[in-house]
Amino acid sequence: MGINYLYPDFEVHRDKDKCINCRVCERQCANEVHAFDKELNRMIADDSKCVNCHRCVSLCPTHALKIVKTDHHFKENANWKGEVIQDIYRQAESGGVLLASMGTPKDYPVYWDKMLINASQVTNPSIDPLREPMETRTFLGQKSTKIKRDDQGRLITTTTPQLSLNIPIMFSAMSYGSISYNAHKSLAMAAQELGIFYNTGEGGLHEDFYQYGKNTIVQVASGRFGVHPGYLNAGAAIEIKMGQGAKPGIGGHLPGSKIGEDISKTRMIPEHADAISPAPHHDIYSIEDLRQLVFALKEATAYTKPIIVKVAAVHNISAIASGIARSGADIIAIDGFRGGTGAAPARTRDNVGIPIELALASVDSRLRQEGIRNNVSLVVGGSIRSSADVIKAIALGADAIYVATSALLALGCHLCRTCQNGKCNWGIATQKPELVKRLNPEVGSQRLVNLITAWEHEIKEMMGGMGINSIEALRGNRLMLRGIGLNETELQILGISHAGQ
Amino acid sequence: MEIHQKRMPLEGEERFSSGCAISGLFNKNGDRFSGRDAITSISVMHDRSNGLGGGFAGYGIYPEYKDFYAFHIFYYGNEAKRNCEEYLDEHFDLINLSKIPTQKHHNITDEPLIWRYFVTPLPTKLVNSQLDEKEYTARCVIHINTDIKGAYVFSSGKNMGVFKAVGYPEDVGEFYRLDDYKGYSWTVHGRYPTNTPGWWGGAHPFALLDYSVVHNGEISSYDANRRFIEMYGYNCTLQTDTEVITYMIDYLHRRQGLNFEEVAHVIAAPFWSTIGRKSEEEIAEYTYLRNTFASMLITGPFSIILGFNGGLMALNDRLKLRSLVAAEKGDMVYLASEEAAIRIIEPNPDRVWHPSGGKPVIVTLNK
C-alpha cells in the first residue's frame with residue numbers, strides 16, 4: 001500500500017440475505033467493481049473502483065445493493081477538508097491538472113431557489129390551462145426595428161431567419177464524441193417530436209442525423225471539427241461556440257481513445273488522435289473578428305439561418321453581450337458556470353465564471369438600456385433543473401433556455417461525474433459499443449419527450465396562475481418574481497423586489 | 001407632491017391595481033354635444049368606482065385653438081409652476097394660458113393648481129431637434145412629467161382635453177363644469193383602486209398627444225410591456241396599466257405607423273390556433289406582428305376605450321375577462337362597461353352588441 005493510498009469515497013453495501021449471485025452487477029459495471037468469488041461462493045466488490053453511478057443498484061433484481069458514502073475521514077478541519085487534502089495527494093502523485101465532469105458540485109448560491117413566483121388573487125383572474133388556450137410558442141431571431149409596407153400599403157412580412165419553438169426549451173450543445181451515438185439520436189428524435197431543437201456541439205453531425213436537420217442547431221467551435229458547407233446548411237441554425245459555462249476561457253479535449261472510425265469521420269480528423277479545440281477561435285481575437293465570422297457563416301448559408309453566438313457567463317458579460325448584439329448575431333446564448341461538461345479541469349469548472357441568473361439579469365437590463373434588446377434573442381443555460389427554473393429565467397428576460405444535464409438525467413445519467421473516463425454505464429458519455437447499446441434511442445427520446453411535456457404542463461399551470469396566457473407576456477416580466485433571503489446588491493442586479501415588498 | 005408621501009406611497013412609487021367603469025360616446029357626423037351625457041352615463045356605474053379617481057376626455061372641444069397643443073397641467077406649488085413655465089417658454093410659443101375653470105364641489109378637495117396652455121413648438125428649437133412636431137412635443141411632455149418636480153402634464157393633444165381628479169367621476173364632471181364644453185367624442189372613467197393613492201395625476205384618462213385611454217382591468221403582462229416600451233424613450237412614472245397601454249399605442253400607431261386594426265393585432269393578438277385558420281396572407285401578417293412586437297402583447301383582463309382625433313377604438317383582452325358593451329343609434333356610437341350606462345342616455349338604441357375578446361371596435365368621423 002503506497003503512501004498515496006486514498007480511501008474509497010463510496011462503499012458498496014450488499015445485503016447477503018438478498019443477493020442471489022445472479023452476477024448482473026458484475027456484467028453491468030464497466031468499472032469492474034463487482035466480481036464473483038468462487039471459493040467464497042458469493043459476490044465481492046472493489047469499492048475503490050466504484051463511481052457511484054447506481055447502474056448495479058438500479059438493475060439488481062433483489063435490491064440487495066446500495067452505495068453508501070464512506071464515513072472514513074480525515075481529522076475534522078473546516079479549512080483543510082478531506083477533498084482538499086485528497087486533491088493535493090493526487091496532484092503530488094501525478095503532477096497533472098485535476099479533471100472533472102458535469103457541473104460544479106460546489107455549494108455556490110443557486111439564485112433560482114431564492115426567487116419566488118407570483119399568482120393572481122381577486123384583482124385579476126388566474127387562467128385555467130385545461131379550459132383556455134395557453135401559448136408557449138416562441139420565435140428566436142432579430143426583430144424588425146421599423147415596419148415597411150409595399151406600394152399598396154400592405155405590411156411587408158419578410159423577416160430575418162427565425163427559429164420557431166413550440167416551447168422555449170432546447171437541448172444544448174453536447175458533441176458526438178462526448179456523448180454516444182444513441183444519446184445523440186435520442187435528442188434528435190425528441191427535438192423533432194417536441195418541435196424544438198437539439199445542438200450538435202462541436203463534434204460535427206453524423207450523416208445518419210442529417211434527417212433531423214430541421215430540428216438541429218449545428219455548432220462551429222474553435223477546433224472547427226466536422227465543419228463543411230453541407231454541415232452548415234444541414235441545420236436550422238448555426239451556433240458559434242465562443243465559450244462554455246463549465247470551462248470559460250479554455251477549449252475542449254476529446255481523448256484519442258474515444259475517437260473511433262465513426263467519430264473520426266464525423267469530426268474529419270484521424271482516428272485515435274486527440275481532438276483538441278483551442279482556447280480561442282484563432283480567427284477571432286476581437287469583436288470585429290466575430291462579426292466577420294458571423295457574416296462568413298451567413299454568406300455560406302445564403303442568409304437563411306440565424307446565427308447564435310454562445311458565450312460563457314463571465315464578469316463583464318453585459319458588455320460582451322452588448323458587443324455581440326451589434327455583431328450581426330441573431331441570438332445570444334449564455335452559459336452559466338454551473339453548466340455541465342464532458343470533461344474540464346476541476347479548478348476551472350469550480351472557480352471560473354458567474355451564475356447564469358445574475359448574468360441573464362444583467363445582460364437583459366443592459367440590452368434594454370441600450371435599446372437593442374429586440375435586435376437579438378437571449379437563450380440561457382447552465383443548470384436549468386425544472387419548469388420553475390424555466391419560468392424564472394423567462395421572467396428575468398430570457399427568450400428560451402437550454403438544458404443538457406436535465407436531458408441527460410432523463411436518459412439515465414445519475415450524475416456520477418466521471419464522464420471523462422468514457423466508461424458510462426448508462427450508455428451516454430461513452431463510445432464503447434457494449435455500453436452505448438444500453439441506451440435505446442426509442443426509449444430515450446420518449447423519456448425526453450415526457451420530461452419536456454411534463455415541464456410544459458407545469459409552465460402552463462404557473463403561467464395561468466399568474467393570469468398570463470402567452471409566454472411572451474412573461475418574458476422580462478420581473479414583477480412576477482420576488483427575492484427571498486437576498487441582499488440589496490443581489491436584488492438590484494436581478495432587478496426584482498424582495499418578498500413582501 | 002411630498003405632502004402625499006407622508007403616509008402612503010405616491011402613485012408611481014409602487015404598482016397599484018384597480019377595477020373601474022368606462023364609457024364612451026361618439027358622434028360620427030362630428031356634431032358636438034356637451035359633457036353632460038358622459039356624466040350621466042358614468043353616474044349609473046357609481047358602484048364600479050370608489051371615489052378615488054375619475055376623469056373625462058373630450059374631442060373637438062377647442063375648435064378656436066385647434067392648431068395648437070392644449071396642455072393641461074397640475075402644479076403642486078408655485079415653484080413647480082415657475083419651473084415648468086420657464087421650460088415651456090424655452091420650447092414653445094405660448095398662444096394662450098389660463099386657469100382651467102372649476103367650481104367648488106364638496107366631494108372634490110385638495111385640488112392642485114390646474115392650468116391650461118395652448119402652445120406650438122418654437123420653430124428654431126423644432127428644426128434643431130431634427131424631430132417631427134409630435135415627437136418633439138411628446139418628448140417635452142415626458143421631460144416635464146419625469147424631471148420637473150411637482151408639475152404634471154395630464155393632457156397634451158390638439159383640439160382635445162382631459163379633465164380628471166380624485167373623486168367620483170360624476171363629481172369630477174361637475175367640478176370641471178363639463179356642461180360648458182362641446183365635443184363630438186367623450187370618454188369617461190371611474191376608478192376603483194385597491195388602495196388610496198390620492199394623487200390627481202393618477203386618475204384616468206391617461207393621455208399623450210391626442211391619444212387618451214380609459215381602461216378597466218389589471219394586466220398581467222405589465223412589467224414585460226413596461227420594460228419593452230421604456231427602451232423607446234418612454235418613462236412609466238405612474239406604474240399604471242393605462243400609462244403603459246397609452247405609450248404602446250403611441251409607439252405602434254404614431255411611431256411605427258400601424259393602423260388601429262393592426263395595433264389591436266399586436267396588443268390583443270389572436271391565439272396561434274385562431275391565426276392558423278386564416279388565409280396564407282393573413283397568417284403571414286398576424287405572425288409578423290405577433291413576432292415583431294411580441295413584448296407588447298397584453299395579457300390579463302382589460303377593456304379599453306382609446307380616444308384619438310377623429311375616432312374611438314374599444315378593445316377587450318383576448319379572453320374578454322372584462323365587460324364591454326357597444327350600441328348604435330343613428331350617428332351616435334356608445335361604449336360602456338355596462339349596458340345600463342348606455343340605456344340611461346339612449347333608451348332605444350338601433351343595435352346593441354358585446355364585442356368579442358381581441359376584436360376592436362373602431363369608429364371614425366364620416367368623411
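Where does A:Leu415 lie? The loop between α12 (405–411) and α13 (433–436) of chain A holds this residue. Point 7 returns to this loop.

1. Basis. This is a predicted model, in which local features need pLDDT of at least 70, side-chain atom pairs count only at pLDDT 80 or more, and totals for chains, interfaces and linings use all residues. Residues are numbered from 1 along each chain as its sequence is written, while chains are lettered from A and ligands numbered from 1 in the order in which they are written. Helices (H or I, at least four residues) and strands (E, at least two) are DSSP runs, numbered from the N terminus.

2. The sheet of chain B. Five strands make an open sheet in chain B, ordered β11-β12-β13-β14-β18. Their pairing is antiparallel; two strands pair if DSSP finds at least two bridges between them. β11 (206–208) and β18 (361–364) of chain B are at the edges with a single partner strand each, so one side of each has no neighbour in the sheet. From one strand to the next, the twist averages 15 degrees. Inside the sheet, β12 (residues 211–217) and β13 (residues 302–308) of chain B are joined by six bridges in the antiparallel sense. B:Val213 is placed opposite B:Leu306 of β13(B).

3. Helix α7 (residues 241–255) of chain B lies across β11, β12 and β13 of chain B. Its direction is at about 135 degrees to β12(B). Axes are lines fitted to C-alpha atoms, for helices over the stretch in contact, and angles run from 0 to 180 degrees between N-to-C directions. The loop between β10 (185–193) and β11 of chain B contains B:Pro205. The peptide bond from B:His204 to B:Pro205 is cis, with omega near 10 degrees. Most peptide bonds are trans.

4. α6 against α7 in chain B. Helix α6 (residues 222–229) of chain B packs on α7(B) at about 45 degrees, the axes being 10 Å apart. That makes α6(B) oblique to α7(B). Angles under 35 degrees count as roughly parallel, over 145 as roughly antiparallel, 65 to 115 as roughly perpendicular and the rest as oblique. The crossing is left-handed, that is, the near helix is turned anticlockwise from the far one by less than a right angle. On the α6(B) side the contact uses B:Tyr222, B:Asn225, B:Arg226 and B:Ile229. On the α7(B) side it uses B:Asp241, B:Val244, B:Tyr247, B:Met248 and B:Tyr251. Contact requires C-beta atoms, placed from the backbone, within 7 Å. The residues of this contact divide into six nonpolar, one polar and two charged. Ala, Val, Leu, Ile, Met, Phe, Trp, Tyr, Cys and Pro count as nonpolar, Asp, Glu, Lys and Arg as charged, and the others, Gly among them, as polar.

5. α6(B) and the other chain. Eight of the eight residues of α6(B) are buried. A residue is buried if 20 or more other C-beta atoms lie within 10 Å of its own, exposed if 12 or fewer, and partly exposed in between. The cover over the buried residues includes α10 (356–369) of chain A together with α7 of chain B. Between the chains, 32 residues of chain A contact 31 residues of chain B. The chain A side of that contact divides into 10 nonpolar, 13 polar and nine charged residues.

6. Chain A elements. Strands β2 (residues 34–37) and β3 (residues 42–45) of chain A pair in the antiparallel sense over four bridges. A:His34 is opposite A:Ala45 of β3(A). The hairpin has four residues between its strands, and there A:Asn41 has a positive phi near 55 degrees. In helix α8 (residues 317–325) of chain A, the buried residues include A:Ile317, A:Ile320 and A:Ile324. The buried residues of α8(A) pack against α7, β15, β16 (331–335) and α10 of chain A.

7. Most residues other than glycine have a negative phi. A:Leu415 has a positive phi near 55 degrees. This residue counts as partly exposed, with 17 C-beta neighbours inside 10 Å. A:Ala302 also has a positive phi, of about 55 degrees. A:Ala302 sits in the loop between α7 (287–300) and β15 (307–312) of chain A. A:Ala302 is exposed, with 8 other C-beta atoms within 10 Å.

Notes. Contact = placed C-beta atoms within 7 Å.
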